[in-house]
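Student: I'd like to learn how to read a structure feature by feature. Could we go through one together?

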Amino acid sequence: MTQVFALRYPETRVGARRWLDHLWRRGRAFLGTDLAIMGGAMTWVSERNLVAAISNAGGFGVLASGSMEPERLAEEIRATRALTGKPFGVNLITLHPKLDRLVETCIAERVSHVVLAGGLPPSSAIARAKEGGAKVMCFAPALVIARRLVKLGADAIVVEGMEAGGHIGPVSTSVLAQEILPELRDVPVFVAGGIGRGEAVLAYLEMGAAGCQLGSRFVCATESIAHASFKKAFLKANARDAIPSVQLDPRFPVIPVRALANRGTQGFLEKQRDVIDRFNGGKVDQKSAQLEIEHYWAGALRRAVLEGDVEDGSLMAGQSVGLVSREAPTREILQELVDQAIDALVNRAKDFADFDPRADDAAGAVKFRSGGVGEAAR
Ligand SMILES: Cc1cc2nc3c(=O)[nH]c(=O)nc-3n(C[C@H](O)[C@H](O)[C@H](O)COP(=O)(O)O)c2cc1C
């Protein structure tokens with residue numbers, strides 16, 4: 001027989017943590033972690049040290065393979081494994097000319113989770129990674145694409161909005177979450193982009209997310225090897241400083257990338273103006289002009305992250321950079337996120353205790369039964 005009793009919000013931190021664990025149980029089970037928080041792969045930043053630190057602290061680190069050769073990736077996977085026995089993933093860029101070999105590397109190194117990023121992944125890459133025993137996660141910029149990826153075999157979806165750092169689509173995280181979370185229930189969905197606090201993690205879990213992915217928040221982790229100047233730029237920046245790259249002429253498309261504005265951003269506009277003028281004057285053909293524009297940022301993220309060239313390098317950052325206020329150990333960053341989610345739940349219980357439903361009922365606004373009636377929690 002089903003027991004019925006008054007259902008209340010958990011009032012203690014222990015109870016709130018249990019509720020949080022309930023909310024993200026699907027994400028935790030999928031990732032094999034204590035927390036359903038992924039450290040989004042960041043090229044040059046998400047190498048062995050940060051990835052292992054995130055996984056060791058209960059989150060899910062993801063190695064960024066960027067433009068690595070397969071042998072280099074194998075070495076980085078092994079080095080990460082030497083630092084952590086916990087699960088972590090590998091992020092592969094689908095446009096990489098050696099994608100197939102990178103997938104084989106992940107299989108040979110027994111990588112448990114492969115994250116396919118940067119455009120729609122070929123169905124063969126999804127199938128092969130799964131056949132090799134990995135769980136496959138794919139990015140979906142719209143519900144129809146999410147559905148198609150699930151049909152192709154994606155085991156989980158990441159929904160990343162335009163607040164995110166790095167390469168972005170046109171739609172915000174909150175709108176994508178509303179479009180996809182209520183509709184896609186057959187696989188776990190992780191939300192990314194613009195998340196910097198535990199309250200936001202909680203909100204997306206309550207909307208149906210299995211977990212969240214954060215990038216910018218981990219750049220200033222003590223274990224992050226990002227150059228001190230790169231970290232300083234993050235600590236100084238406000239949300240509004242992280243802007244998408246600007247395209248001057250539709251004939252010369254620019255892939256939108258969100259980064260902190262610097263001298264390089266200005267230089268990119270001047271480069272485009274110069275190339276467009278030369279193209280209009282018949283001094284350069286369209287293909288060479290496009291290539292010149294595309295090459296402007298080549299190597300620029302590496303220069304910024306590893307060498308600290310914050311003037312002309314690429315300072316990829318999400319709007320959540322405005323919520324990064326100090327350098328701190330990864331474990332503290334994750335604990336802070338969990339604490340913020342727990343505080344939010346406990347405060348809600350307090351609010352609920354102060355709430356007098358009769359007052360509303362007298363005004364005819366709310367129909368209630370004392371305390372709200374729910375089915376017994378098992
Ligand atoms: C410096 C930097 C580099 C990134 N590189 C990658 C990458 O190589 N592959 C990828 O899938 N996402 C990349 N991202 C996106 C992150 O994985 C993550 O989804 C994003 O940062 C989430 O938004 P947030 O920064 O607001 O938390 C990068 C982000 C940053 C800030």
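Student: Which residues of helix 10 are buried?
Tutor: Keep in mind first that this is a predicted model. A residue is called buried if 20 or more other C-beta atoms lie within 10 Å of its own. In helix 10, which spans residues 228-236, that gives Phe230, Lys231, Ala233 and Phe234. These four are on the same side of the helix, because they cover an arc of only 155° around the axis.

Student: And which residues are exposed on the other side of helix 10?
Tutor: There you find Ala228 and Lys236.

Student: What covers the buried residues of helix 10?
Tutor: The cover includes strand 12 (257-260) and helix 13 (300-307). Now turn to helix 13, where Leu301, Arg303, Ala304 and Val305 are buried. Their cover in turn includes helix 10.

Student: Where is Trp44, then, and how would I describe its surroundings?
Tutor: Trp44 sits in the loop between strand 2 (37-39) and helix 3 (48-56). Its phi is near 75°, a positive value in a residue other than glycine. Trp44 counts as partly exposed, because it has 19 C-beta neighbours inside 10 Å.

Student: Is Arg110 buried or exposed?
Tutor: Exposed, because Arg110 has 11 C-beta neighbours inside 10 Å. It belongs to the loop between helix 5 (99-108) and strand 5 (113-117). Arg110 also has a positive phi, near 55°, without being a glycine.

Student: How many residues surround the ligand, and which are the closest?
Tutor: There are 27 residues around the ligand, and the closest are Gly40, Gly165, Gly166, Gly215 and Gly318. By class, the shell divides into 11 nonpolar, 13 polar and three charged residues. Next, ask which domains contribute: the shell draws at least three residues from each of domain 1 and domain 2.

Student: Which residues touch the most other members in the largest nonpolar core?
Tutor: That core has 104 residues, and the ones with the most contacts to other members are Ile37, Val114, Ile157, Val159, Phe190, Val201 and Cys212. Helix 14 (residues 330-354) supplies the largest share of this core, seven residues. At least three core residues come from each of domain 1 and domain 2.

Student: What is Ile37 in contact with, leaving aside its neighbours within four places in sequence?
Tutor: Its partners are Gly59, Phe60, Val201, Gly211, Cys212, Leu214, Leu334 and Leu337.

Student: Could we finish with the prolines? Is Pro188 buried or exposed?
Tutor: Pro188 is buried, because 24 other C-beta atoms lie within 10 Å. It is in the loop between helix 8 (173-180) and strand 9 (189-192). Beyond neighbours within four places in sequence, Pro188 is in contact with Arg26, Gly27, Phe30, Ala156 and Ala210. Sequence and space can also be read side by side: Pro188 and Val158 are 30 residues apart in sequence and 8.7 Å apart in space, C-alpha to C-alpha.

Student: And where is Pro329 found?
Tutor: Pro329 is in the loop between helix 13 and helix 14. With 13 other C-beta atoms within 10 Å, Pro329 is partly exposed. Leaving aside neighbours within four places in sequence, Pro329 is in contact with Ala221 and Thr222. The C-alpha atoms of Pro329 and Ala304, 25 residues apart along the chain, are separated by 22 Å.

Methods:
Residues are numbered from 1 along each chain as its sequence is written. This is a predicted model: local features need pLDDT of at least 70, side-chain atom pairs count only at pLDDT 80 or more; totals for chains, interfaces and linings use all residues. A residue is buried if 20 or more other C-beta atoms lie within 10 Å of its own, exposed if 12 or fewer, and partly exposed in between; C-beta atoms are placed from the backbone. Helices (H or I, at least four residues) and strands (E, at least two) are DSSP runs, numbered from the N terminus. The arc is that of the directions from the helix axis to the C-beta atoms. Two residues are in contact if their C-beta atoms, placed from the backbone, lie within 7 Å. A residue is near a molecule or strand if its C-beta atom, placed from the backbone, lies within 6 Å of it. Ala, Val, Leu, Ile, Met, Phe, Trp, Tyr, Cys and Pro count as nonpolar, Asp, Glu, Lys and Arg as charged, and the others, Gly among them, as polar. Domain bounds come from an automatic or database domain assignment. A nonpolar core is a set of buried Ala, Val, Leu, Ile, Met, Phe, Trp, Tyr and Cys residues joined through C-beta atoms within 7 Å.
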